[in-house]
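Take a look at the structure below.

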Amino acid sequence: MREISSLSLSKELINKLKDKKLNYIEDVWVLKRTDLKTLGFSNYEINNIIISLQLIGLDLNKKKY
């Protein structure tokens, strides 16, 4: 499992993900946009997460490129 901190995200967003017990990339990429909204992430933050995942070939909801 890869640490969430290996994504190209701001330190604040990494800390917010860790506060929600999302410590690994695998914890995040299984989620849907609505799951992240429910956890309190803004559209801007969710878009940053999506872009960062896409840069390593992943997308939300377990999609691989």
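## Inside and outside

Buried residues make up 34% of the 65 residues in the protein chain. The model is predicted, and each value here is computed from it. A residue counts as buried when its relative accessible area is under 20%.

The protein chain has an accessible surface of about 4200 Å². Carbon and sulfur atoms account for 51% of that surface.

## Overall shape

How does the radius of gyration of the protein chain agree with that of a compact globule? A compact globule with 65 residues would have a value near 11 Å. The protein chain has 10 Å, so the two agree. The C-alpha trace spans about 25 × 20 × 20 Å along its principal axes.

## Helices, strands and contacts

The protein chain has four helices and two strands. Read from the N terminus, the order is α-α-α-α-β-β.

## A nonpolar patch

Which residues form a nonpolar patch on the surface? They are Ile51, Leu55 and Ile56. Together they have about 300 Å² of accessible area.

Ile51 lies in helix H4, which covers residues 43–55. Is Ile51 buried, partly exposed or exposed? Its relative accessible area is 47%, so Ile51 is partly exposed. Exposed would need over 50%. A patch residue needs over 30%, and Ile51 has 47%.

Key. Residues numbered from 1 in each chain as written. Predicted model: local features only at pLDDT ≥ 70, side-chain atom pairs only at ≥ 80, totals over all residues. Heavy atoms only, no water. Patch = residues over 30% accessible without salt bridge, like charges linked within 9 Å, V, L, I, M, F, W, Y side chains within 5 Å. Areas by Shrake-Rupley, 256 points an atom, 1.4 Å probe, with all protein chains shown as cover. Salt bridge = Lys/Arg side-chain N within 4 Å of Asp/Glu carboxyl O. Buried < 20%, exposed > 50% of the residue type's maximum accessible area, 1.4 Å probe, protein only. Rg over C-alpha atoms; globule rule 2.2 N^0.38 Å.
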